[in-house]
Amino acid sequence: MGVPDPTKELVNKKGIRLDGRKTTEIRPITIKAGILHRADGSAYLEWGSNKVICGVYGPRELNPRRFQESDKAVVQVRYNMAAFSTSDRKRPGPDRRSQEIGKVIADAFENVVLTERFPRGAIDVHVDILEANAGTRCAALVCAAVALADAGIPMKGLVSAVAAGKANDKVILDLDQMEDNYGNADLPIGINHTSGEIVLLQMDGHLTPAQFDEALDMAVEGNKQVLVAQREALLARFATTLAAKEAAGAFDEPEPSNEPERAERNERRGPPREGGRGGDRRGGDDRRGGGDRRGPPRGGDRRGGGR
């Protein structure tokens with residue numbers, strides 16, 4: 001958040017903002033799941049002018065082993081802003097802000113992902129901001145939640161996030177870049193919609209207790225709008241997957257097998273007879289007569305004695 005500037009009119013007297021939104025509206029949001037074929041789960045998000053891509057890998061064994069937890073998996077989040085994501089070229093590589101946001105998102109998912117099912121494991125979440133226009137931590141968390149669901153990672157519920165704030169002493173929802181730079185406060189809030197728990201809450205700026213309550217209620221309603229977009233993305237993803245499997249015949253009924261009839265016939269026949277056809281032809285008495293077929297020589301040895 002930048003330095004507040006009371007001279008800039010970010011919200012007019014009618015409650016209309018610079019981009020034409022009302023104080024309770026969020027920016028247009030589009031989410032697509034399953035866009036990376038080499039990742040276990042992935043998602044792409046466009047939220048206003050924000051563009052975010054996320055890939056999930058795991059669960060896998062965590063190495064080095066000294067970082068392993070004996071009773072649960074570790075959720076590792078790598079948050080990175082591309083060098084071309086802002087108007088001024090950003091220096092490539094991680095910085096303190098990226099590490100802080102990655103830690104905040106990881107802590108949010110620690111209370112949602114069922115990590116106890118994967119002891120000594122790791123779940124890696126890689127988030128890249130391709131274009132930034134305020135609210136990137138909320139956008140990253142929303143995109144990561146869809147990617148985790150696409151990867152089949154068991155969770156207590158779907159997580160969404162949106163920021164509320166204050167500009168020109170009016171509480172607003174989903175701040176854009178101008179409102180974030182010159183507004184009075186920023187309040188990102190993440191919610192687990194199954195339990196209703198708040199998994200992310202930070203504040204920058206100043207809000208009175210009454211304004212804080214208003215911003216909190218506004219953020220809860222905004223999260224419901226974000227949840228709709230997340231569910232639509234996952235439903236479209238799984239509908240496409242099911243259609244592909246149906247086209248490949250994965251759900252066709254197998255042809256009936258003759259194994260039960262064969263087993264019933266064998267049971268009626270009973271156990272094989274010994275010495276007969278069911279026995280070992282190489283052992284026991286010969287079927288066509290016992291003993292050696294050649295028998296003893298006639299008339300003694302032809303080479304010895306007289307006739």
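Author: Happy to! Let's begin with a pair of helices: α1 and α2 cross in a right-handed way. Keep in mind that this is a predicted model.

Reader: Good to know. What angle do α1 and α2 make, and how far apart are their axes?

Author: Helix α1 (residues 96–110) packs against helix α2 (residues 136–150) at an angle of about 45°, and their axes are 11 Å apart. The two helices are therefore oblique to each other.

Reader: Which residues in α1 and α2 meet?

Author: From α1 you have R97, E100, I101, I105, A108 and F109. On the α2 side they meet T136, R137, A140, L141, A144, A145 and L148.

Reader: And how do the residues of that contact divide into nonpolar, polar and charged?

Author: In the contact of α1 with α2, nine residues are nonpolar, one is polar and three are charged.

Reader: Nice. Let's switch to the sheet. In what order do the five strands come?

Author: The order is β1-β2-β3-β5-β4, in an open sheet with mixed pairing. Its edge strands are β1 and β4 (74–81), each of which pairs on one side only. On average, neighbouring strands of this sheet are turned by 15° against each other, direction ignored.

Reader: Which helix packs on the sheet?

Author: That's α4 (residues 209–247), which touches β1 and β2. The direction of α4 makes about 30° with that of β1.

Reader: Back to the mixed pairing. Which strands run parallel?

Author: Strand β4 and strand β5 (residues 121–131) run parallel, joined by eight bridges.

Reader: Found it. How many bridges join β3 to β5?

Author: Nine, and β3 and β5 run antiparallel. One place to look is V52, whose bridge partner in β5 is I129.

Reader: What about β1 and β2, parallel or antiparallel?

Author: Antiparallel: strand β1 (residues 29–33) is joined to β2 by five bridges. A33 is bridged to A43 in β2.

Reader: And how do β2 and β3 pair?

Author: β2 and strand β3 (residues 50–61) also pair in the antiparallel sense, over seven bridges. Along that pairing, G41 has V56 in β3 as its bridge partner, and S42 stands opposite G55 in β3.

Reader: How many residues lie between the strands in the hairpin of β2 and β3?

Author: Two residues lie between those strands, and G48 in this hairpin takes a positive phi near 65°.

Reader: Is β2 largely enclosed or open, and why?

Author: Largely enclosed by the rest of the structure, because five of the seven residues of β2 (residues 41–47) are buried.

Reader: Which residues other than glycine have a positive phi?

Author: Among them are A134, with phi near 70°, and D174, with phi near 60°. A134 is in the loop between β5 and α2, while D174 is in the loop between β7 (170–173) and α3 (177–182).

Reader: Buried or exposed, those two?

Author: Buried: A134 has 8% relative accessibility, and D174 has a relative accessible area of 4%. The cut-off for buried is under 20%.

Reader: Last one, T194. Where does it lie, and is T194 buried or exposed?

Author: T194 is in the loop between β8 (185–192) and β9 (197–201). T194 counts as exposed because its relative accessibility is 58%, and the cut-off for exposed is over 50%.

Reader: What is T194 in contact with, beyond its neighbours within four places in sequence?

Author: T194 contacts K156, G157 and L158. T194 and V112 are 82 residues apart in sequence, with 9.9 Å between their C-alpha atoms.

Conventions. Residues numbered from 1 in each chain as written. Predicted model: local features only at pLDDT ≥ 70, side-chain atom pairs only at ≥ 80, totals over all residues. Heavy atoms only, no water. Buried < 20%, exposed > 50% of the residue type's maximum accessible area, 1.4 Å probe, protein only. Helix = DSSP H or I, 4+ residues; strand = E, 2+ residues; numbered from the N terminus. Pairing = 2+ DSSP bridges. Axes fitted to C-alpha atoms, helices over the stretch in contact; angles between N-to-C directions. Parallel < 35°, antiparallel > 145°, perpendicular 65-115°, else oblique. Left-handed = near helix turned anticlockwise from the far one by under 90°. Contact = heavy atoms within 4.5 Å. Nonpolar A, V, L, I, M, F, W, Y, C, P; charged D, E, K, R; others polar.
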